[in-house]
Structure formats: structure tokens, C-alpha cells
Amino acid sequence: VSVTSLYTDDIRAIGSDKSAGGGIIASDMWGFSLVWDEEATSDGMLADITLFGSGRTERVTFPNYLWSNETISTALATAGFVDVEWLSPAIDTNITPDGIATEFRKDLSKHVPIGYFVATLAA
């Protein structure tokens, strides 16, 4: 099981605006920001990801390459994995804070550039 940041259609759309000179996707709810300087986006692009602690009083920023689901799946298959299953995020609404549960209900989570997958290695 793995969690990874992804190159998504939202990032591709922001990158198609050549006047932007880079881009940012951020979520206070999820506590992250994703920033890039490139004028155009591409599969495998470099971006800075910042994760914020509670109240945004603490943070960590690190460089990360963003790959599409397809590129990750192909790389895993080339490395000998026989199955890659991309999962939808799930929450337990009984214990999840209201704000996060509300965001899931609105289906905004699909815009968060994070993917979840299970890969099975050949026996």
C-alpha cells in the first residue's frame, strides 16, 4: 500500500495557462500546498510540497516529482508488479472531523493531488 502525490488533470489545466508562470494548489482543510515554478506542467514535473501542522504553526517543505497514475502503474509493471489497484480515499464519518467529512461529501477530494494504491509483486 502506498500514498503518493500525483500529476493530475487539475495541475495539467493550470499548466496550460502559459501566462501563469507556475502554479499553486493549496488546501487549508488538508493542510498542504503544492507550488511549482515551471511555465508548463508535465508528467514527472518537480514541485515543492509543504505539509502544515495544526494551526499552521509548524511546516515542512520538500521537493517532489509528480507522476500520473498511468506512469506510476507502468513503472511498477516494468519492475515486476502484476497488479496495481488505485483506491478511492475512504473515511469513517463517525470519527472524522465535520470539515473533512463535508469536503468528502462535496466530492472535492478528487482535486487533491494524492493517490492511493496497492501493488502486488509477482510471486
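Modeller: Happy to! A patch here is made of residues with over 30% relative accessible area and no salt bridge, and nonpolar side chains are joined within 5 Å. Please keep in mind that this is a predicted model. With that cut-off in hand, L46, Y65 and W67 form a nonpolar patch on the surface, and together they have about 300 Å² of accessible area. Take W67 as our way in: this residue sits in the loop between β5 (59-66) and α2 (69-78). W67 has a relative accessible area of 37%, so it is partly exposed.

The largest nonpolar core has ten residues: Y7, I11, I25, F32, L34, W36, M45, A47, I49 and L66. Two elements, β3 (32-36) and β4 (45-52), each give two or more residues to this core. Setting aside neighbours within four places in sequence, L66 is in contact with S5, L6, Y7, I11, L34, S42, D43, G44, M45, A47 and I49.

T41 is found in the loop between β3 and β4, and it counts as buried because its relative accessibility is 13%. The side chain of T41 makes a polar contact of 3.3 Å with the side chain of Y7. A polar atom of the T41 side chain also lies 3.4 Å from the backbone oxygen of I11.

D9 and R12 are three residues apart in helix α1 (residues 9-15), so about one helical turn separates them. D9 is exposed, with a relative accessible area of 57%, while R12 is partly exposed at 39%.

Finally, a word on the setting. The chain has three helices and seven strands, which follow the pattern β-α-β-β-β-β-α-β-α-β along the sequence. Of its 123 residues, 30% count as buried. The accessible surface of the chain comes to about 7800 Å², and carbon and sulfur atoms account for 54% of that. Among contacts between residues at least 6 apart in sequence, 51% join residues at least 24 apart.

Technical notes. Residues are numbered from 1 along each chain as its sequence is written. This is a predicted model: local features need pLDDT of at least 70, side-chain atom pairs count only at pLDDT 80 or more; totals for chains, interfaces and linings use all residues. Side-chain values use heavy atoms; hydrogens and water are left out. Patches are made of residues with over 30% relative accessible area and no salt bridge: like charges are joined within 9 Å, nonpolar side chains (Val, Leu, Ile, Met, Phe, Trp, Tyr) within 5 Å. Accessible areas come from the Shrake-Rupley method with a 1.4 Å probe; for residues, only the protein chains shown count as cover. A salt bridge is a side-chain nitrogen of Lys or Arg within 4 Å of a carboxyl oxygen of Asp or Glu. Helices (H or I, at least four residues) and strands (E, at least two) are DSSP runs, numbered from the N terminus. Buried means under 20% relative accessible area, exposed over 50%, partly exposed in between (1.4 Å probe, protein chains only). A nonpolar core is a set of buried Ala, Val, Leu, Ile, Met, Phe, Trp, Tyr and Cys residues joined through side-chain atoms within 4.5 Å. Contact means heavy atoms within 4.5 Å. A polar contact is a pair of N or O atoms within 3.5 Å; within protein, one must be able to donate a hydrogen and the other to accept it, and residues adjacent in sequence count only if both atoms are side-chain atoms.
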